[in-house]
Amino acid sequence: MEQKTNHVFKEEQIDWTGLAKAGIDKKRLEEDGNLDLLLQGKETDTLPLRLKTPVIDLAMDATLRIVENLEGRQIMEINGINREKQ
């Protein structure tokens, strides 16, 4: 019997190469169980993130969620966690 998933998004819809360049690792998300949450359209657990671009190096705790932008493309929404409010 095939297991039914509640995925709203498909893995192949996500730009994993672009996310990896920014410091978001698909394999790590798979290992900690957060990839399933993302594909279901849910927010991940709090994760330590290190986002890197040619001009930015940002370390923070955040949750992630896949959303559609105005053009209908799936993008990663990053919600920083304010430690002072925890």
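Analyst: Strands (E, at least two residues) and helices (H or I, at least four) are DSSP runs, numbered from the N terminus. The model is predicted: local features need pLDDT of at least 70, side-chain atom pairs count only at pLDDT 80 or more, and totals for chains, interfaces and linings use all residues. Residues are numbered from 1 along each chain as its sequence is written, and side-chain values use heavy atoms, with hydrogens and water left out.

User: In which strand does Gln74 lie?

Analyst: The run to consider covers residues 74–80. Gln74 belongs to that run, which is strand 3.

User: Is Gln74 buried or exposed?

Analyst: Buried means under 20% relative accessible area, exposed over 50%, and partly exposed in between (1.4 Å probe, protein chains only). Gln74 has a relative accessible area of 12%, so the residue is buried.

User: With which side chain does the side chain of Gln74 make a polar contact?

Analyst: A polar contact is a pair of N or O atoms within 3.5 Å; within protein, one must be able to donate a hydrogen and the other to accept it, and residues adjacent in sequence count only if both atoms are side-chain atoms. For the side chain of Gln74, such a pair is found at 3.1 Å, and the partner is the side chain of Glu68.

User: Where is Ile56 placed?

Analyst: Strand 1 covers 47–52 and strand 2 covers 57–68. Ile56 is in the loop between strand 1 and strand 2.

User: What is the relative accessibility of Ile56?

Analyst: Ile56 counts as partly exposed. The reason is its relative accessibility, which is 46%.

User: How far apart in space are Ile56 and Ala22, C-alpha to C-alpha?

Analyst: In sequence, Ile56 and Ala22 are 34 residues apart. In space, the C-alpha to C-alpha distance between Ile56 and Ala22 is 9.6 Å.
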